[in-house]
Amino acid sequence: MTGPAPGLVVIGGSWGGFDAATALLSRLHAPAAVPLLLVLHRSRLSDGDLMERLLRRSTGHDVREIEDKQPLAAGTVHLAPPDYHVLVEEGGVSLSVEGPVNYSRPSVDLAFESAADEYAERLVAVVLTGAGRDGAAGIRAVHRRGGRTLVQDPDTALRGEMPRCAIATGEVDEVAAPERLGERLEELLTGVMS
């Protein structure tokens with residue numbers, strides 16, 4: 001995988017995604033050189049403060065739940081709030097309560113697609129464990145705009161449907177366990193490739 005330096009990393013997942021994201025982010029040195037956007041399917045009753053604290057403690061990254069019209073900041077993991085779509089636009093994000101996409105709000109597809117429109121070849125999109133097919137259409141959009149696409153190995157996923165659907169697009173650059181995906185992101189962000 002070669003190309004321009006990444007400007008944004010968007011990570012999406014569902015069932016089992018918290019543990020997979022923790023494993024990935026733990027392998028990525030903090031603070032990251034670019035903004036990280038984490039879009040996980042979770043209950044609208046989910047405690048965002050608790051998730052922020054757990055991710056911060058487990059990974060060493062600054063984690064903040066997104067607010068509408070918030071700019072994206074390097075060195076921060078921007079956590080999608082429950083029951084809102086996150087759309088990337090002009091260096092920031094907006095929140096939407098439009099209907100669910102692939103039965104999900106937030107939608108990984110919408111986050112990937114909007115980020116691909118803004119960042120094109122400077123985007124890295126990652127699909128982690130989860131049920132359903134959310135993320136597959138977004139992977140296509142990212143790949144077609146020249147971005148990099150990484151997917152969790154379904155054999156390492158608590159639920160392999162999301163990774164398998166993403167892989168089935170034929171537009172995935174790398175498939176690996178979450179820990180290896182974190183190492184690959186570190187290489188991409190520091191410009192060191194193994």
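**Salt bridges in the predicted model**

Arginine 180 and glutamate 183 are joined by a salt bridge in which the closest N and O atoms lie 3.4 Å apart. The structure described here is a predicted model. Both residues belong to helix α6, which spans residues 178-190, and because they are three residues apart in this helix, about one helical turn separates them. Arginine 180 is partly exposed, at 24% relative accessibility, and glutamate 183 is likewise classed as partly exposed, with a relative accessible area of 28%. This pair belongs to a network of salt bridges with shared partners, whose members are Arg27, Glu174, Arg180, Glu183, Arg184 and Glu187.

In total, 13 salt bridges are present in the structure. One of them is formed by the side chains of glutamate 65 and arginine 42, with an N to O distance of 2.7 Å. Glutamate 65 is located in strand β3 (residues 62-65), whereas arginine 42 occupies the loop between β2 (36-40) and α2 (48-59); the contact therefore ties together parts that are 23 residues apart in sequence. The two partners fall into separate accessibility classes: arginine 42 has a relative accessible area of 13% and is buried, because this value is under 20%, while glutamate 65, at 24%, is partly exposed.

A further salt bridge links glutamate 161 with arginine 159, and the closest N and O atoms of this pair are 2.6 Å apart. Glutamate 161 is partly exposed, with a relative accessibility of 28%. Arginine 159 is also partly exposed, its relative accessible area being 25%.

Technical notes
Residues are numbered from 1 along each chain as its sequence is written. This is a predicted model: local features need pLDDT of at least 70, side-chain atom pairs count only at pLDDT 80 or more; totals for chains, interfaces and linings use all residues. Side-chain values use heavy atoms; hydrogens and water are left out. A salt bridge is a side-chain nitrogen of Lys or Arg within 4 Å of a carboxyl oxygen of Asp or Glu. Helices (H or I, at least four residues) and strands (E, at least two) are DSSP runs, numbered from the N terminus. Buried means under 20% relative accessible area, exposed over 50%, partly exposed in between (1.4 Å probe, protein chains only).
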